[in-house]
Structures are given as C-alpha cells and as structure tokens.
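Open the model in your viewer and keep the selection tool at hand. Each stop names what to pick and what is found there.

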Amino acid sequence: MAELQLLVDDVVVKSFSLDKTLISIGRSPNNDIVIDEDAVSGEHAKIELIPNELMDDLIDIFIEDLGSTNGTFVNDEPVQRQQLKNFDYIRIAWTDFKLVTDKNVRIGRTSVIAQ
C-alpha cells in the first residue's frame, strides 16, 4: 500500500495510508488528510489512485492542486496536476510529505507513443 509520510525536518512524524481512490487534503476538517496550518487552503489538493490503462497490475498516483492560495509542489516544482512516483517529495503550502510505496504496490510511469 502507498502512504504519504508527514515530515518535520526530514523526520517522519505521521503516515497516511492511501487506501482510497480519492484522498482530499486541506485545512477543513472534512478532508481525509487535515493540515492545521493557516497557509493551507480549506480544500487544497487531492490525490487520485487510478488503475493504469495499459497494465492491469499498475496504479497511477496523481496529485492535483485545487486552486489553493499557496500552492502544491512536487520535488520543489509547483504543479497543477502531476503523476507521482515513489519517494517524491510533496509540499502543501509549507507542510512537507514524502510518497512511499511498498513492494506490493506497483506504480508506473507509462509513456504511450501515438502514431
């Protein structure tokens, strides 16, 4: 199973299992992952787990910013929607996370060449 690890000074302080197809992240208490920080929007971002279209045993994991004020970043780059890979660093406003998958979850980065 994949998980999002909350980091403080590069130390894991909490882990969130990505055990649903859609995980909401934000300051509002109705989110799956609640971040109690003023810089985080009420509904800041979402993570989607989508079965890969070409390979049945792969899961594609995407993060999408929901129009937040202070942004969503993957490996220090601002993103609107980005496919994630194992050990990517995610920043929601000023809160840091790392995506970690175990060996039973295969996430893919598939390229399709259309002719």
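Predicted model: local features only at pLDDT ≥ 70, side-chain atom pairs only at ≥ 80, totals over all residues.

**Stop 1**

Show the cartoon and colour the strands. Look for an open sheet of 5 strands, ordered β4-β3-β5-β6-β9. Its pairing is mixed. Which strands form the edges? They are β4 and β9, and each of them pairs on one side only.

Now zoom in on β3 and β5. These two strands run antiparallel to each other and pair over 4 bridges. Select Leu-22 and look across to β5: its bridge partner there is Glu-48.

**Stop 1: the nonpolar core**

Select Leu-4, Ile-47, Ile-63, Ile-90, Ile-92 and Phe-97. The largest nonpolar core has 24 residues, and these six touch the most other members. Which strands supply at least two residues each to this core? They are β1 (2-8), β3, β5, β6, β10 (89-92) and β11 (95-101).

Buried or partly exposed, what is Val-11? Its relative accessibility is 47%, so Val-11 counts as partly exposed. Draw a distance from its C-alpha to that of Phe-97: the value is 9.9 Å, for residues 86 apart along the chain.

**Stop 2: the salt-bridge network**

The structure holds 5 salt bridges. Select Lys-46, Glu-48, Glu-64 and Arg-81, which salt bridges link into a network.

Begin with Glu-48 and Arg-81. Their closest N and O atoms are 2.7 Å apart. Glu-48 sits in strand β5 (residues 45-51) and Arg-81 in strand β9 (residues 81-84), so this pair links distant parts of the chain, 33 residues apart. Arg-81 is partly exposed, at a relative accessible area of 40%.

Next, turn to Arg-81 and Glu-64. Their side chains meet in a salt bridge at 3.2 Å, N to O. This pair also links distant parts of the chain: Arg-81 in β9 and Glu-64 in strand β6 (residues 59-65), 17 residues apart. Glu-64 counts as partly exposed, at 22% relative accessibility.

**Stop 4**

Select Lys-20 and Asp-32. They form a salt bridge, with the closest N and O atoms 2.7 Å apart. Why does this pair tie together parts that are 12 residues apart in sequence? Because Lys-20 lies in the loop between β2 (11-17) and β3 (22-26), while Asp-32 lies in the loop between β3 and β4 (33-34). Lys-20 is partly exposed, with a relative accessible area of 40%. Asp-32 is partly exposed at 36%.

**Stop 3: charges over rings**

The charged end of Arg-81 sits over the Phe-62 ring, 4.4 Å from the ring centre. Then select Arg-91 and Phe-73. Here the charged end of Arg-91 sits over the ring of Phe-73, 3.8 Å from its centre.

How many aromatic pairs does the whole structure hold? The search finds 1.

Definitions and conventions: Residues numbered from 1 in each chain as written. Heavy atoms only, no water. Salt bridge = Lys/Arg side-chain N within 4 Å of Asp/Glu carboxyl O. Buried < 20%, exposed > 50% of the residue type's maximum accessible area, 1.4 Å probe, protein only. Core = buried A, V, L, I, M, F, W, Y, C linked by side-chain atoms within 4.5 Å. Phe/Tyr/Trp six-rings, centres within 6.5 Å; stacked < 30°, edge-to-face > 60°. Lys NZ or Arg CZ within 6 Å of the ring centre and 35° of its normal. Pairing = 2+ DSSP bridges.
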